[in-house]
Amino acid sequence: MTAAVVTATPKAAHVSMLRLYRAELRWIYRRPRTLVVLGLLALIPAVIAIGLSIGQSTGNGPGNGGDALLTSAAGNALVLPIATLIVSLNLMLPLTSAMSAADALAGELSHGTLRGWLLAPVSRGRLLAVKALGVATFTLTSVLLMAVVGVLSGLAMNGTGGLFTLSGTTLSFGAALGKIGIAVLWVTLQLWAIGAIALAISASTEHPMLVVVSVLAGTIVFSVLLLLSAVDWLHPFLLPKSWDSLVDVLRDPMPASGLMEGVIRALAYIFIGLSLAYARLTTRDG
């Protein structure tokens, strides 16, 4: 008489999103390259401030034919952090967002650590949510760090007396911080859109560098297309179309049409990117 052997299958433990999110943040901020990237981003506004100060002292600053926004930043503590974000949004910040998204999926897949996520009692949707939140947090940290260093550098150059808009109105320190906060949130949203598309690419490859190169190529191609009037019908669909509108934050009153158009476009890219990433994650075998 044979006895039936009954094996009990343990019920999959429910892991809270907060626990997964905290683990993801520890993984992100313990990577040496993450700290290096944050350090380089923090240097950008400081280097710009030093360059403007040297230019002012020698009389060879950007006022002699240079960029008008940087010319204003030389004597305006409000303009410097926003001008830094505008300059970095054209290349450096998108690459930062792409790097984070590449490490989130493709990087872990190439090192074999993503397989543990896929085999764990965590759904693919929750996995994507955790990775997207990690990319969003790192992106917000990058933009906020640049803004803080830009504010401190601007105050060191011009003090609180140099807080005035491009329209000529003088702002209180609190009002100036409010405008900088709007710029930080707006730029972060644009980078979330880039990060969502990068996550879609990252979910489809095992090579993190391919994600970074794809975002770099896309940024360059989009910038070139925006210069061509022959394809002006395509311009409303290109993410960088509204990036120049960030300068409106420095005006008083602040025009909202260009900024809102950028918000809507970024939300559309986020929806498309995360949808593609989810579709890829739920159909892959491992």
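Predicted model: local features only at pLDDT ≥ 70, side-chain atom pairs only at ≥ 80, totals over all residues.
Reader: Is Leu144 buried, exposed or partly exposed, and why?

Author: Partly exposed, because its relative accessible area is 44%, and that class runs between 20% and 50%.

Reader: What does Leu144 form with Leu140, Val148, Leu152, Leu185 and Trp192?

Author: Here's the general idea: an α-helix has 3.6 residues a turn, so residues three or four places apart point the same way. In this case, Leu140, Leu144, Val148, Leu152, Leu185 and Trp192 make up a nonpolar surface patch with about 550 Å² of accessible area together. H7 and H8 each give two or more residues to the patch, and H7 has the largest share, four residues.

Reader: Now the inside. Which residues touch the most other members of the largest nonpolar core?

Author: Ile82, Leu85, Val187 and Leu246 do, in a core of 68 residues. Several helices give two or more residues, among them H2, H4 and H10, but H8 gives the most, with 14. Take Ile82: beyond its neighbours within four places in sequence, Ile82 contacts Lys179, Ile180, Ala183, Leu246, Val249 and Leu250.

Reader: What about H10: which helices do its buried residues pack against?

Author: H7, H8 and H9. The buried residues include Gly258, Gly262, Tyr269 and Leu281. H10 has 27 residues and spans 40 Å between its first and last C-alpha, close to the expected 39 Å.

Key
Residues numbered from 1 in each chain as written. Heavy atoms only, no water. Core = buried A, V, L, I, M, F, W, Y, C linked by side-chain atoms within 4.5 Å. Buried < 20%, exposed > 50% of the residue type's maximum accessible area, 1.4 Å probe, protein only. Contact = heavy atoms within 4.5 Å. Expected span 1.5 Å × (residues − 1). Patch = residues over 30% accessible without salt bridge, like charges linked within 9 Å, V, L, I, M, F, W, Y side chains within 5 Å. Areas by Shrake-Rupley, 256 points an atom, 1.4 Å probe, with all protein chains shown as cover. Salt bridge = Lys/Arg side-chain N within 4 Å of Asp/Glu carboxyl O.
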